[in-house]
Amino acid sequence: MIRVDIRPVWRFRSGTEREFDFELIAILAEIDASGKLTNAAETAGVSYRHAWNLISDWEEFFGARLVTKQRGRGSQLTVLGERLLWAGRRAQARLAPELENLAAEFARTLNESLHETAPGLVTQASHDFAIGALRDLAAAGGFGLDLQYKGSFDSLAALRRGECEVAGFHVPEGPLGSLMKRRYAECLPLDEFRLVSLVTRTQGLMVRAGNPKGIRGLGDLERPDVRMVNRQRGSGTRALLEFLMSAAGMERNRIQGYETEEMTHGAVAALIAGHQADAGLGVQAAAALYRLDFVPLCTERYYLACRNDTLDDERMARLIHFVCSERFATIVATLPGYSAEGAGSVLAAFPETAKAAAPPG
């Protein structure tokens, strides 16, 4: 099976042209976190000399310092270093899912031309750290999960149309979840689909480190001094926000930045970390990755939906095997706010909503 990896290329021009080495972003990120170049080199998997030479080369190109050393305070990023780090992180968070989608489409086209059928399970799913980890774990085990990131509702619609075999989406637990399940039930006729439980995760407000605006809850988004960044239409997180706002009696036209959209939790976090916004709804793992503060709002269950007959497919059985594995549970345990409890359980598609979702007779 052929796998495709598509990556962005940055070219800087200032008299001369030079292609950017993204290894520098990993080094700057660790310096920002620990203040130690030795830690940065170790995290990036390079020698101390290589890390320092890389920084020096780019400082010479820019004609300005990226890192300063101060006695007793270790290494610190300059303003230029901070902005370069933020730009790299934002580009990675924003572009990575789209490039992964393109790579998956390209790989599927190539594999279909080489085999009678595509070897992997065609999957569309809401962006999530755990399902990305599942894809990588399955690939390491010789199994292809042909994953494309779409919004929850878009993924389920694709499953209904037969454009994918598995769809990933998420539903909050508790009373709010009962309301959202009714919306999802419209996409998942009870007799045709089943759900595989993947993980639980915590959603909440990601805010700048130290929470300088003192954001304590959803209502603070209506304050005139708070700018938010939203998820795209069709995403489960956008739907969650709208349900939460409706329950709180909030109005979107009173929220600065409501129409500013990003495709992933990481992209939202990157904007907040770069001081381009003050808050946004996302998973706790994204907040931790970008060293943001986090205000928890709800716990969600992330599901994989498939048609009944797909459960009899050997490929689906292999995927569930990976979901139930100790290795997957270990990976999930490293993600803040995530739990693999109940992973691999097969459920009916929200039978408790059948009566509420049924059309009038």
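Which residues does Glu30 touch, not counting residues up to four places away in sequence?

Analyst: This is a predicted model, where local features need pLDDT of at least 70, side-chain atom pairs count only at pLDDT 80 or more, and totals for chains, interfaces and linings use all residues. Residues are numbered from 1 along each chain as its sequence is written, and side-chain values use heavy atoms, with hydrogens and water left out.

Glu30 touches Gly35, Asn39, Ala40, Thr43 and Arg291, leaving aside residues up to four places away in sequence. Contact here means heavy atoms within 4.5 Å. Glu30 sits in helix α1, residues 23-34. Helices (H or I, at least four residues) and strands (E, at least two) are DSSP runs, numbered from the N terminus.

Glu30 is buried, yet it has no salt bridge. Buried means under 20% relative accessible area, exposed over 50%, and partly exposed in between (1.4 Å probe, protein chains only). A salt bridge needs a side-chain nitrogen of Lys or Arg within 4 Å of a carboxyl oxygen of Asp or Glu. For Glu30, the nearest side chain of opposite charge is Arg291, 4.5 Å away. In this count Lys and Arg are positive, Asp and Glu are negative, and His and the chain ends are not counted.

Helix α1 packs against α3 at an angle of about 105°, with axes 10 Å apart. That makes α1 roughly perpendicular to α3. Axes are lines fitted to C-alpha atoms, for helices over the stretch in contact, and angles run from 0 to 180 degrees between N-to-C directions. Angles under 35 degrees count as roughly parallel, over 145 as roughly antiparallel, 65 to 115 as roughly perpendicular, and the rest as oblique. On the α1 side, Glu23, Leu24, Ile27 and Ile31 meet His50, Ala51, Leu54, Ile55 and Trp58 of α3.

Helix α2 (residues 37-44) also packs on α3 (residues 48-62), at an angle of about 105° and with axes 8 Å apart. Helices α2 and α3 are therefore roughly perpendicular to each other. Leu37, Thr38 and Ala41 of α2 make this contact with Tyr48, Ala51, Trp52 and Ile55 of α3.

Glu30 lacks a salt bridge, but a search of the whole structure finds 21. One joins Glu300 and Arg201, at 2.9 Å from N to O. Glu300 lies in strand β12 and Arg201 in strand β8, so the pair ties together parts 99 residues apart in sequence. Both Glu300 and Arg201 are buried.

Arg161 and Glu163 meet in a salt bridge at 2.9 Å, N to O. Arg161 counts as exposed at 54% relative accessibility, while Glu163 is partly exposed at 44%. Arg223 pairs with Asp225, the closest N and O atoms being 3.0 Å apart. Arg223 is partly exposed at 22%, and Asp225 is partly exposed at 35%. Salt bridges that share partners also join Arg233, Arg238, Glu242, Glu259 and Glu261 into one network.
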